[in-house]
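Here's a quick tour of one protein, with a stop at a few residues and a look at its aromatic rings. Have the viewer open while you read.

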Amino acid sequence: MEDFTKSLKETGAKSVRLVDAITGARLRPKDACRVDDLRPALAEYVCSIYPNVGADDYIDRRAIDDLRGRYVSELLRDEKGELSSLETEVVDSLRTHDTLTENIENEYDGQRPVGDRIADGVASFGGSWTFIIGFIVLLAGWMGVNVALGARVAFDAYPFVLLNLVLSTIAAFQAPVIMMSQRRQESKDRLRATNDYKVNLKAELEIRHLHEKIDHLLNRQWERLTEIQQIQIEMMNDQARAAKRMLKATRTKSKNAEQSRPRATET
């Protein structure tokens, strides 16, 4: 019981004056992070870098974020070897708590040159029912007018050589334009896949961190509950011993009183 009271006093004294165990600077309560509250893997990493830091010491949260980024970098380097620029960006976002989700559509569409916009428009119009129905009407009208005018008056008599030339020219220009649009769509999909990879990697690291943190908190909670239960048992034992002493004293007094009564009657 005395040891527990002493530990409470020490903890209270530390909470009044929070000092960074690394730099020795004063810390505000919202900026202080106790080493014992960190997940075990990160706490071991901090203690390996700074051997003088103990479990009851406090460190600035910004320093903890920097140490967490360094720890994740070494963890990824051990698992995957040399880090790529994408993985380095993910580690930096973990250190600075920035979001990685980007709207690829708006960013990519805002940087399109005029040629890409024309290619997208041609590909979009060429793959629509409006183009198909309009082209069928145009072909039917072209052939119908030339057949109705006859071979002498028609500007493109049967077998419609001019029409074949026009169709070949349209196909020759339309195919490269559609390929340009598809290539631009592939680059957009590549950017989207890169962004998804960064987001998924960060989510994986955060989920791993949360799992370890929750396990650590559960273990600490069970330890505290066990400690509280032990203190309650000690208090109950102290009360039981005090009650036994009081009961023993009461019995002694009653016994002395009974022994003094016959002497008084004899006198």
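Not counting residues up to four places away in sequence, which residues does D20 touch? Before you click around, keep in mind that this is a predicted model. The list for D20 reads A25, L27, Y58, I59 and D60. D20 itself sits in the loop between α1 (2–16) and β1 (32–34).

**The overall picture**

Zooming out, you get eight helices and two strands. Walk along the sequence and the order is α-β-α-β-α-α-α-α-α-α. Of the 267 residues in the protein, 22% are buried. The exposed surface comes to about 19,100 Å², and carbon and sulfur atoms supply 59% of that. As for contacts, take those between residues at least 6 apart in sequence: 66% of them join residues at least 24 apart.

**A spot on α8**

Helix α8 covers residues 161–266, and A175 is in it. Is A175 buried, exposed or partly exposed? Partly exposed, with a relative accessible area of 37%. A123 is 52 residues away from A175 along the chain, yet their C-alpha atoms are separated by 9.1 Å.

**The aromatic rings**

How many aromatic pairs does a search of the whole structure find? It turns up four. Here are two pairs with their geometry:

| Pair | Centre distance | Plane angle | Type |
|---|---|---|---|
| W142 and F155 | 5.4 Å | 70° | edge-to-face |
| Y158 and F160 | 5.7 Å | 85° | edge-to-face |

Why do W142 and F155 count as edge-to-face? Their planes are at 70°, and the label applies because the angle is over 60 degrees. W142 lies in helix α7 (residues 129–153) and F155 in the loop between α7 and α8, so this pair ties together parts that are 13 residues apart in sequence. F155 counts as exposed, at 52% relative accessibility.

The pair of Y158 and F160 has its planes at 85°, so it is edge-to-face too.

Finally, ring pairs link F125, F131 and F135 into a cluster.

Definitions and conventions. Residues numbered from 1 in each chain as written. Predicted model: local features only at pLDDT ≥ 70, side-chain atom pairs only at ≥ 80, totals over all residues. Heavy atoms only, no water. Helix = DSSP H or I, 4+ residues; strand = E, 2+ residues; numbered from the N terminus. Contact = heavy atoms within 4.5 Å. Buried < 20%, exposed > 50% of the residue type's maximum accessible area, 1.4 Å probe, protein only. Areas by Shrake-Rupley, 256 points an atom, 1.4 Å probe, with all protein chains shown as cover. Phe/Tyr/Trp six-rings, centres within 6.5 Å; stacked < 30°, edge-to-face > 60°.
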